[in-house]
Amino acid sequence: MRTLLTTREVKIPANVDVGIHSRTVKVKGPRGTLVKTFKHLKVELLLNKKDRTITVKQWFGSRKAVACVRTLCSHIENMFTGVIKGYKYKMRFVYAHFPINCAITDGGKHIEIRNFLGEKVVRHVEMREGVSVATSTKTKDELILTGNDIEMVSLSAALIHQSTKVRDKDIRKFLDGIYVSEKGNIDE
């Protein structure tokens, strides 16, 4: 069963410029520019400059293809939020005995994690493009990741979390690691 036409509109905020060319969306705002390609989806992207809306159309879509329309609209809305407010993830160190040490290098582009579970191994995590990491000035044992692209910020947080995975031990007892504690926007 195919749906004849599925349509959804996204309103463009006032202080954002949008350009669409062959399913590539370019969003420019006060915090910078984001570009995302949606060529893997067979949809129509129409930019209406007069009404300041983006219309997404899916013709003769199956159930899965129709579901992609809303997902694409959410991606575009996340791009708007990113160039207006930005994204901020907070991560906390959790340890029972051996305190985890972190060293941030390259101006917040690289992090070194030491003394995880008392191991001598130094874990290196490179931040994704457009993401910077810093230690919190208010709270002890907290990292703050900031950036405009929600995918890159969350991916960097996931890489940090995965680097401190407990192996060959009972994970119910050994809860050590670096976990995401808060997700939000930079300009709130």
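Author: Searching the whole structure for aromatic pairs turns up one. Pairing here means that ring centres of Phe, Tyr or Trp (its six-membered ring) lie within 6.5 Å; planes under 30 degrees apart are called stacked, over 60 edge-to-face, and the rest tilted. The pair is Trp59 with Phe60: their ring centres are 6.5 Å apart and the planes sit at 40 degrees, so it goes down as tilted. Trp59 has 41% relative accessibility, which makes it partly exposed (buried is under 20% relative accessible area, exposed is over 50%, and partly exposed is in between, with a 1.4 Å probe and protein chains only).

Since you'll be checking, this is a predicted model: local features need pLDDT of at least 70, side-chain atom pairs count only at pLDDT 80 or more, and totals for chains, interfaces and linings use all residues. Residues are numbered from 1 along each chain as its sequence is written, and side-chain values use heavy atoms, with hydrogens and water left out.

Now for strand β6, residues 53-61, which runs antiparallel to β5, residues 44-48, with five bridges joining them. Strands are DSSP runs of E, at least two residues long, and helices are runs of H or I, at least four, all numbered from the N terminus; two strands pair if DSSP finds at least two bridges between them. Leu47 has Ile54 in β6 as its bridge partner.

One more residue to look at is Thr164, in the loop between α2 and β13 (177-185). Thr164 is buried, at 3% relative accessible area. Its neighbours by contact (heavy atoms within 4.5 Å) include Phe116, Arg123, Asp176 and Ile178, leaving aside residues up to four places away in sequence. The Thr164 side chain also reaches the backbone nitrogen of Ile178 at 3.2 Å.

How values were computed. Polar contact = N/O pair within 3.5 Å; in protein donor to acceptor, adjacent residues only side chain to side chain.
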